[in-house]
Structures are given as C-alpha cells and as structure tokens.
Amino acid sequence: MRPLGAFSVDDPARLAVLISGRGSNMTALVAAENVAYRVVAVVSDAADADGLRRAAEMDVPTHALPASDREAALHDVLSGADVDLVAMAGFMRVLSPAFLARWPDRVLNIHPSLLPAFRGLDTHRRALEAGVLAHGCTAHLARPAIDDGPILGQALTAVRPGDDPAALGARVLALEHKLYPRAASAYASGSVRLEGGRVRGAPCLLSEL
Ligand code: GRF
C-alpha cells in the first residue's frame, strides 16, 4: 500500500468498491473522470447483486464473497488486487474493528444523510418526520461504529414542500453520485487529509440549497 495523499490523476490510487445491491454509487465511481483513483475491483457479499453485472459490463474485475470467513476473503481480494483505498457503496455489512485496523484510514463510506444526523437505515423518511429543512449525504472514513467517522465531504439539498421519501431520496442519490467520486479523489490526492485525527484541507461541500 502506498501512502495516502500520494496519488494523482496520472498516478491514481487503486480503489476497490464494496457493494451489496444495485451499485449506482459504484457506477458513478467507475465512470468519474479526472479523478486520482482507478477502480480495480468491485466486491459484493451477494453473488446476485445487480451491481456485479454492471461492473462486469464496465470491464471492472468482480468478486463475490463467501458466506463464511467473509472478512478473511475480503482481505485476500483487496491484498491480491494491490488495493490502496476501499469505498463502501451500499455495502450492507459492518466491518469489524480488526478488519478496519488492517486497513487503517483506508476505508470510505457514503451515507444518505447529513451525519451525524440519521445514522442507520430509512434516512429520508426519518428526515422528513423530523422536519429538517436541509438533508443530503456524507462521504466519510469508516470507523467501527456504524455511519461514524471523519467527514470528507457533504452534499446538501433543501427539503421541498410535498417531498416524500422517494422524491427526496432521488435527489440525495443524485448528489451521492457527484459527491463520492470527488471526496474519494480528494482523499486519494491529499487535498483532503487526516491529521491528528482531524480532517484538514478542503472538504468537499456541494449544495443545492
Ligand atoms: C446509497 O444510498 C448509499 O448511500 C447507501 O446505500 C445506497 C446504495 O445505493 N449506503 P447504490 O447501491 O449505490 O445504488
């Protein structure tokens, strides 16, 4: 593994994307241009994930994890592909503290809320019920606690009168597709970095407000 922050468009980080389902964020990560990473593997815990088919169509190597010893298999895939950085994108498994310790500050996540609000599932419905005026998504470094960790970027949208979870969620998902490639690239290149446990540099902020 090469040092974080050392990568560029011309010398990109080798990125693995972890998925469980449709893989729209994975597709956005693969399709992004002028980024300081290159997607070298797409890994799913579900062999029938739609995202695996989409990745194969884009000529990205795919891997399905076994049901037992999943994390050991994942570690082997990442090591075998000489991965520098890992992006969870709708990966419905919690990575253990031991696994994260083997990939320190190398695992990113995207979450469909403005963290630290609305960790967990069903974020758009909960945001509407709470009456928030702004909602969005967060790209962050993964930590053992779910949807926790240093924030690399956030994207905001206003909650509109008449929004339901589907309409609000569609706007947030479109923002995820813009935010995640930018945040992953910024982290790979070092324009956003971790120093003494704090995020420094210029975190990615996108706003539709
Ligand atoms: C996204 O909303 C992501 O933020 C969340 O799960 C969803 C995955 O969607 N963690 P997709 O598989 O990337 O389309």
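**Ground rules.** I number residues from 1 along each chain as its sequence is written. Since I work with a prediction, local features need pLDDT of at least 70 and side-chain atom pairs pLDDT 80 or more, while totals for chains, interfaces and linings use all residues, and side-chain values use heavy atoms, without hydrogens or water.

**Entry 1, strand β4.** I looked up residues 85–88, which form β4; strands here are DSSP E runs of at least two residues, helices H or I runs of at least four, numbered from the N terminus. Leu85 and Ala87 point one way, Val86 and Met88 the other. All four are buried, meaning under 20% relative accessible area with a 1.4 Å probe, protein chains only.

From β4 the chain passes through helix α4 (residues 97–102) to β5 in a right-handed crossover: with the strands pointing away from me, the path from the first strand over the helix to the second runs clockwise.

A nonpolar core joins buried Ala, Val, Leu, Ile, Met, Phe, Trp, Tyr and Cys residues through side-chain atoms within 4.5 Å. The largest has 38 residues, with Val17, Leu29 and Val42 making the most contacts inside it. Helix α6 (residues 165–189) gives the most to this core, nine residues. Apart from it lies another core of 21 residues, including Phe91 and Leu95.

Methods
Buried < 20%, exposed > 50% of the residue type's maximum accessible area, 1.4 Å probe, protein only.
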